[in-house]
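Hello,

Here is the structure we talked about. Please have it open while you read; my notes follow below.

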Amino acid sequence: MGTGIHHITLITRKVQANVDFYVGFLGLRLVKQTGGYEDATQLHLFYGDGAASPGSLITFLVWEDGARGRVGHGQPSEISLAIEPSSIGFWLTRALSHHVEISGPVDEMGEPTLRLKDPDGVIVKLVGVSGFAAPEIWEGSGVPAEHAIRRIRGATIMSEVPELTESFVTRHFGYQPMQSTEFIRRLVSDSGDIIDIRDAKGFWTSAPGTGTIDHIAFRARDTDEVERVHGELASSNSTITNVHDRKYFYSLYVREPGGTLFELATDGPGMAIDEPVETMGTQLFVPPERADKIDELLTMLPQFSWPGEERVIYRDLPFVHRFYTPGNADGSVIVLLHGSGGNETSLLPFAAKAAPHATLLALRGRATDEGTPRWFRRLSASKFDQADIRSEAEALAAFIEDAVDAYRIDPEKLVFLGHSNGANMIAATMLLHPHLIRRAVLLRPAMVLEQPPAADLSDVEALLVAGNVDVFSNFGPDLAGLLRHAGANVDARTIPSGHAFEAADVEIVRDWLAARG
């Protein structure tokens with residue numbers, strides 16, 4: 001043992017800003033894109049040197065627009081990357097020119113250190129330290145080779161039991177005490193990277209979420225070493241999780257006595273096992289059991305552009321939203337409103353099948369019910385908060401007006417598609433704010449307004465698709481009849497289905513959209 005850090009994994013809230021910082025600013029190479037093994041709908045990005053060398057890898061779980069975490073004891077609080085001491089001036093100038101928040105240089109345990117904050121607020125230290133070999137450079141890096149990041153220097157752990165954390169790291173992962181200050185115990189590996197253990201007695205506990213460091217992975221030579229440590233940990237009653245084959249490495253997870261999550265990962269097979277080194281990081285890979293769903297996952301996972309490429313500049317609007325842009329977009333835009341228990345990704349695969357050339361703008365409802373997004377409060381299975389419906393409809397109307405302007409959307413090519421609770425929200429908004437939504441596809445809709453207003457919907461075309469065994473189809477007034485009475489051109493259909501949408505819905509929606517250009 002004693003070979004040091006394999007990778008460090010963090011959680012980001014915005015994939016585009018993350019790529020811009022770690023590739024565009026730091027000059028690291030994006031060496032792998034995967035759908036997560038625990039959740040294939042979660043994007044996982046790996047950055048490193050040109051060869052994706054263990055010890056250079058910084059990885060991110062992408063929780064797009066996810067809840068922010070809290071740094072505290074029981075987790076790492078900052079990471080550090082090694083640069084040549086003579087490169088401190090270069091990085092100070094580069095940070096200022098790229099408008100990256102920076103402080104320093106300061107001396108930390110005899111090493112000149114710059115402190116940066118990444119877009120999620122994570123502290124990333126650039127530490128001037130000699131003795132590390134030059135990294136494998138890649139031609140896409142915007143950083144001169146002599147100033148390039150060498151490798152991971154280390155990480156800082158917050159612990160309420162620093163003595164026990166130190167003992168755990170030295171016993172199982174081969175680190176040795178190096179030096180200490182009043183509040184920090186520094187450990188060093190044979191490869192020269194460090195773990196700083198900060199005494200966090202009396203500090204608040206950590207909370208997982210975006211802007212936090214999920215775990216530190218240490219290096220193992222092979223699977224035999226992982227299994228040996230696995231046995232040691234089992235015999236000492238450590239809180240081990242299962243051993244995993246992650247395709248690119250074999251690993252186990254364990255929490256040290258202070259609560260920080262550690263991983264032990266093999267150097268091999270490595271990131272180049274399924275794509276050439278020359279093109280690493282340019283395509284998505286998913287767990288084998290989800291390979292048949294890769295087209296759906298490509299639609300659901302957040303898109304990003306490489307530094308310097310054209311990208312969607314997201315605006316600060318009332319609802320969390322996500323764009324999906326196909327490679328051959330035709331200028332049409334479909335706004336998607338999910339059903340109860342869904343989120344902004346739920347309807348993306350459906351809409352991409354029904355309208356493969358449309359840009360998709362998917363929204364997330366702001367109300368919650370048992371922790372899942374909704375569009376308005378539900379008081380019972382068939383009774384809804386009328387004030388909340390009107391308030392959220394007003395917010396949705398404001399979003400539509402602002403989005404059309406901010407994203408330069410052609411209103412003549414705008415369609416709204418909702419399922420269940422989302423379809424109900426669209427119908428309510430049409431009645432409360434007429435002339436705003438003029439084309440709508442409503443899957444398994446119902447009328448949720450108890451006193452729908454009189455409205456002029458003569459400029460509306462609507463497709464309503466009901467399920468003949470939908471248990472939620474019989475409450476409220478007849479929505480199709482109400483819309484027709486208001487002047488809308490309504491195509492109402494019933495298919496053999498329950499409340500969930502089916503393959504038959506895709507065909508109906510595809511044909512209806514195609515007939516309208």
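A residue counts as buried here if its relative accessible area is under 20%, and as exposed if over 50%. Keep in mind that this is a predicted model.

**Helix H7**

By that cut-off, the buried residues of H7 are Gln-386, Asp-388, Ile-389, Glu-392, Ala-393, Ala-395, Leu-396, Ala-397, Phe-399, Ile-400 and Ala-403. In an α-helix there are 3.6 residues a turn, so residues three or four places apart point the same way.

The length of H7 also checks out. The helix covers residues 386-406, 21 residues in total. At 1.5 Å a residue it should span 30 Å, and its end C-alpha atoms are 30 Å apart, which agrees.

At the start of H7, a side-chain oxygen of Asp-385 comes to within 3.1 Å of the backbone nitrogen of Ala-387. After H7 comes Arg-408, with a positive phi near 55 degrees.

Ala-440 has Ala-462 in E27 as its bridge partner.

E16 (residues 261-269) pairs with E13 (residues 213-220) in parallel, over five bridges. Here Ile-216 is the bridge partner of Phe-262 in E16.

E16 also pairs with E15 (residues 249-255), this time antiparallel, over six bridges. Tyr-253 stands opposite Glu-263 in E16. E15 and E16 form a hairpin with five residues between them. In the turn, Gly-259 has a positive phi of about 105 degrees.

**Val-100**

Is Val-100, in its loop, buried or exposed? The loop lies between helix H2 (88-97) and strand E6 (102-108). Val-100 has 13% relative accessibility, so it counts as buried. Leaving aside neighbours within four places in sequence, Val-100 is in contact with Phe-21, Phe-25, Ala-95, Leu-116 and Lys-117. Val-100 and Ala-398 are 298 residues apart in sequence and 33 Å apart in space, C-alpha to C-alpha.

Best wishes

Notes. Residues are numbered from 1 along each chain as its sequence is written. This is a predicted model: local features need pLDDT of at least 70, side-chain atom pairs count only at pLDDT 80 or more; totals for chains, interfaces and linings use all residues. Side-chain values use heavy atoms; hydrogens and water are left out. Two strands pair if DSSP finds at least two bridges between them. Helices (H or I, at least four residues) and strands (E, at least two) are DSSP runs, numbered from the N terminus. The expected span of a helix is 1.5 Å times one less than its number of residues. Buried means under 20% relative accessible area, exposed over 50%, partly exposed in between (1.4 Å probe, protein chains only). A polar contact is a pair of N or O atoms within 3.5 Å; within protein, one must be able to donate a hydrogen and the other to accept it, and residues adjacent in sequence count only if both atoms are side-chain atoms. Contact means heavy atoms within 4.5 Å.
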